[in-house]
Amino acid sequence: MAPKMPWPTYLLDRVGLPDSHKLEVYRQHGGYAALEDVLRKPWKPEEVTAVVKDSGLRGRGGAGFSTGLKWTFMPDPAKDGRRRYLAINADESEPGTCKDRVLMEKDPHGLLEGCLISAYAIRAEAVYIYVRGEYRKSLAVLQAAIDEARAAGLVGKGILGTSFDCEIWMHMGAGAYICGEETGLMESLEGKRGHPRPKPPFPAGYGLWGQPTTVNNVESIFNVPFIVQRGAEWFRSIGTKGSTGNFLCGISGHVERPGVYEVPMGISARQIVEELAGGVWKGRKLKAWFPGGSSTGMLPAAAIDTPMDHDSIKNAGSMLGTGAMIVIDETVSLVEAEYVIARFYEHESCGQCSQCREGTQWLDQILHRIARGHGRVDDPALLESLARGMAPAKTICALSDAAAIPTLALVKNFAAEVQEHATTGRLPAGCVSILAAQDLQEAHA
Ligand SMILES: Cc1cc2nc3c(=O)[nH]c(=O)nc-3n(C[C@H](O)[C@H](O)[C@H](O)COP(=O)(O)O)c2cc1C
Ligand code: SF4
């Protein structure tokens, strides 16, 4: 049951209802009314795009790009008669991120309604939902919801008795983080290895099977029916000028009550940690925190009053990313924490670009030797120069940046700790190694 929040909510309002995943319950709570309105009035597709653009909705998949603006990149149908597609990114593999799963499992029809309205806006004839392979429950619940919707005339030909046709298909990933990158996702959907494509051409010009395609995150599209029904002004009244609406903050790590919370953009990170998540666990002190998943740079405890919106977090030296906060307490060595993250990126690099393929391996090795007490005095400088060679935007996709950014943040924001660890070979005072447990896991793997 989603806890009651002290501010207006909408994203998780249906989540606590019994059988919230069923069509009947969704309809009892106003479900599919926005789609009916769009199709029966009917709205022009450009009108739907305009309201979403005016709302200021920014993508919730990590990059924070304007959703409505992205839709306008689709070619003019009068001049380009190719088939058009919408791909929904439900890969959700960024460490720390677990919010799309809640929507898919608890309110799948909310996502489907968002898909249908968005497909109408960009004139897509089909929607492909690419779901993380490990999310077996999401896959099962979504498939049942698609079947229910199809049986009720909400998916397929002549939706709600109108001339609007739209299919919705699901595709199961196979556990590769890189398939969450939008062009890697499309390659994978086409049945190929999930290697990101060089850009340009961008998906709107050359997407799935070479046809115009828009790729959007689950939470981005989930917002669409609310915006259509309540208007752009309502959406802009929540959050900050540059970051509008509520977002789902998944908070994990060393807090008393990890979970997914619906919060307005611009709320302070402290309020999320202390009031919603119950504070740092076991009465310990906060040492560092990631604002939006492992690819956003770690910030120090002193930055905890930063508002959680795109501009404020950028000014603080990080990124809002997927809004997935990871909290680290005073007993953790940050070199060890970053080593665990670096290993993830090294493992997930697809290997097409040398900066990423080689860089992620070197970051992993250098952090490993510092963490193991075999660091060298100049290792922090080496880490920095390596990471600078990997980002920003030097490679086919942003995985290289995702690996480099947290390393750069570590050597900048926690310079003294990293230098001391590399020089003395000892964990910082009061820290307990997290690698011992990991060694044990590896021995049993
Ligand atoms: C390595 C990598 C992994 C990504 N994984 C995801 C993901 O799991 N889910 C997601 O929505 N976006 C992910 N993205 C971002 C997508 O490429 C894309 O920007 C996003 O799906 C667009 O949706 P939005 O505009 O609605 O945010 C990833 C990007 C990179 C570089
Ligand atoms: S940046 Fe890394 S993951 Fe992305 S295409 Fe290049 S090698 Fe592959």
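The model is predicted: local features need pLDDT of at least 70, side-chain atom pairs count only at pLDDT 80 or more, and totals for chains, interfaces and linings use all residues. Residues are numbered from 1 along each chain as its sequence is written, chains are lettered from A and ligands numbered from 1 in the order written, and side-chain values use heavy atoms, without hydrogens and water.

Let us start inside the protein. A cavity here is a set of points, on a 1 Å grid over the protein atoms alone, where a 1.4 Å probe fits but cannot get out, and its lining residues have an atom within 4 Å of a point. A volume is the space filled by probe spheres set on the points, which are joined across faces, edges and corners. There are two cavities of 30 Å³ or more. In the table, Cys and Met are among the residues counted as nonpolar, together with Ala, Val, Leu, Ile, Phe, Trp, Tyr and Pro; Asp, Glu, Lys and Arg are charged, and the others, Gly among them, are polar.

| Cavity | Volume | Lining by class |
|---|---|---|
| Largest cavity | About 80 Å³ | eight nonpolar, five polar, no charged |
| Second largest cavity | About 60 Å³ | four nonpolar, five polar, three charged |

Ligand 2 takes up the space of the largest cavity; a molecule sits in a cavity if more than half of its atoms lie within 2 Å of its grid points. Ligand 2 is surrounded by 13 residues, with Cys-350, Gln-352, Cys-353, Cys-356 and Cys-397 the closest; near means that a heavy atom of the residue lies within 4 Å.

The second largest cavity has Arg-58, Glu-219, Phe-247 and His-310 among its lining residues. At least three residues of this lining come from each of domain 1 (23-236) and domain 2 (246-329), with bounds from an automatic or database domain assignment.

**Backbone points**

Most residues other than glycine have a negative phi, and most peptide bonds are trans. The bond from Pro-200 to Pro-201 is cis, with omega near 0°, and the one from Ala-391 to Pro-392 is cis as well, with omega near -5°.

Arg-123 has a positive phi, near 60°, and is partly exposed at 36% relative accessible area. Lys-282 also has a positive phi, near 55°, and is exposed at 54%. Buried would be under 20% and exposed is over 50%, with partly exposed in between (1.4 Å probe, protein chains only).

Note on methods
1 Å grid on protein atoms, 1.4 Å probe; cavity = no way out; pocket = protein on both sides within 12 Å on 5 of 7 lines; lining within 4 Å.
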